[in-house]
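Student: Can we go through this model together? I'd like to start with the surface and then move on to the packing and the charged pairs.

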Amino acid sequence: MAGQSNAAPVIIKRKKVIVGGGHHGGAWKVAYADFVTAMMAFFLLMWLLNATTEQQRKGLADYFNPSIPISRTSGGGNGAFGGDSILSENTLLGNGSGTSSPNRSRQNQASNTDNAGADSGAAPEVLLAEVEKQLLARSGESATMERILQHVVTRITDEGLVIELFDLPDAALFKGEAAEPNEILGGLASVLADVLVATTNALAINGHTHSYPIVLIDNPVWGLSAARGQKLREMMVQNGLPDSRFARVSGHADRDLVVADASNPRNNRLEVILLRPDR
């Protein structure tokens with residue numbers, strides 16, 4: 001008995017084993033599935049962008065962001081359900097057919113008329129490019145024509161396309177301080193008449209002069225600028241441009257200088273303006 005009492009005690013150690021990460025062990029699978037789905041959608045998008053044309057891509061974009069009526073017959077209006085009534089015309093969609101009569105509303109007819117005439121004057125940049133193209137083509141005809149076109153610059157303003165004719169130090173458009181044209185202006189008038197006859201815009205001519213000494217009793221700037229503008233109009237009409245195309249001829253004297261030195265001959269110039277339709 002004494003020997004048994006000296007025996008070492010038996011210690012039982014229990015080890016807890018967790019298998020599968022416990023109750024949250026499968027969460028990573030859901031996240032991974034979302035990631036794989038997103039990657040699949042991304043690569044599908046890349047494939048569609050590479051395998052479709054621009055027109056097809058626009059069709060897909062319109063499908064997910066519709067901007068056209070579901071039905072061709074639209075009641076118009078700007079409400080959630082397409083308008084006040086099925087007979088509404090004032091706010092009818094442009095590509096619908098929901099008017100109460102076979103004819104379009106006056107508002108739509110007017111807007112289409114404006115769009116049809118926009119090509120002639122609503123885009124002066126196009127006119128500028130075309131006029132410049134024709135003027136450059138003329139410059140290659142001869143050395144004389146190239147020298148004449150050195151007197152011309154063009155620009156776009158709020159009024160429309162401006163074609164400016166100006167004096168050079170060794171070549172003036174007019175003889176002395178009068179409205180009698182030199183040969184250079186005759187060539188310019190002929191070229192401009194040939195180029196502008198293909199356009200439909202109304203025309204305006206502005207005459208400008210340099211300043212004269214204030215000691216003069218009779219300052220000729222007003223009458224001279226107007227007379228020079230009228231002379232250019234007459235020359236262009238003689239070269240075949242219809243007189244009905246001209247909306248106005250104005251003399252601005254020395255009130256609008258392009259060079260700080262008011263007496264500089266560069267301020268002697270004529271401006272032929274292709275007016276915008278709303279001018």
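Student: Where is the place of V36?

Tutor: V36 sits in helix α2, residues 27–51. Helices (H or I, at least four residues) and strands (E, at least two) are DSSP runs numbered from the N terminus. Before going on: this is a predicted model, where local features need pLDDT of at least 70 and side-chain atom pairs count only at pLDDT 80 or more, while totals for chains, interfaces and linings use all residues. Residues are numbered from 1 along each chain as its sequence is written, and side-chain values use heavy atoms, with hydrogens and water left out.

Student: Is V36 buried or partly exposed?

Tutor: V36 is partly exposed, at a relative accessible area of 39%. Buried means under 20% relative accessible area, exposed means over 50%, and partly exposed is in between (1.4 Å probe, protein chains only).

Student: Which residues make a nonpolar surface patch with V36?

Tutor: W28, Y32, F35, M39, F42, F43, L45, M46 and L49 make the patch together with V36, and its area is about 1000 Å². Patches are made of residues with over 30% relative accessible area and no salt bridge; like charges are joined within 9 Å, and nonpolar side chains (Val, Leu, Ile, Met, Phe, Trp, Tyr) within 5 Å. The areas come from the Shrake-Rupley method with a 1.4 Å probe, and for residues only the protein chains shown count as cover.

Student: Stepping back, how many helices and strands does the chain have?

Tutor: The chain has nine helices and five strands. From the N terminus on, the order is α-α-α-α-α-α-α-β-β-α-β-α-β-β. Of the 279 residues in the chain, 28% are buried.

Student: At what angle do the axes of α8 and α9 cross?

Tutor: The axes of helix α8 (residues 183–196) and helix α9 (residues 221–238) cross at roughly 60 degrees and come within 8 Å. That makes α8 oblique to α9. Angles under 35 degrees count as roughly parallel, over 145 as roughly antiparallel, 65 to 115 as roughly perpendicular and the rest as oblique. The axes are lines fitted to C-alpha atoms, for helices over the stretch in contact, with angles from 0 to 180 degrees between N-to-C directions.

Student: And is the crossing left-handed or right-handed?

Tutor: α8 passes α9 in a right-handed crossing. A crossing is right-handed if the near helix is turned clockwise from the far one by less than a right angle, and left-handed if anticlockwise.

Student: Which residue is 5.4 Å from A193, C-alpha to C-alpha?

Tutor: L241, which is 48 residues from A193 in sequence. A193 is in helix α8, and A193 is buried at 1% relative accessibility.

Student: Now the charged pairs. How many salt bridges are there?

Tutor: The count is 10 salt bridges. A salt bridge is a side-chain nitrogen of Lys or Arg within 4 Å of a carboxyl oxygen of Asp or Glu.

Student: What does E159 form a salt bridge with?

Tutor: R248, with the closest N and O atoms 2.4 Å apart. This pair links distant parts of the chain, with E159 in the loop between β1 (152–156) and β2 (160–166) and R248 in strand β4, 89 residues apart. E159 is partly exposed at 25%, and R248 is partly exposed at 31%.

Student: What about R233, which side chain does it meet in a salt bridge?

Tutor: The side chain of D243, at 2.5 Å from N to O. R233 is in helix α9 and D243 in the loop between α9 and β4, 10 residues apart. R233 is buried at 18%, whereas D243 is partly exposed at 41%.

Student: Which residues do salt bridges with shared partners join into one network?

Tutor: The network joins R155, E164, D256, R266, R269 and E271. R155 and E164 form a salt bridge, their closest N and O atoms being 2.7 Å apart. R155 is partly exposed at 33%, and E164 is buried at 4%.

Student: Last one: what is phi of A253?

Tutor: Phi of A253 is near 55 degrees, a positive value in a residue other than glycine. A253 is in the loop between β4 (246–251) and β5 (269–275), and A253 counts as buried at 1% relative accessibility.
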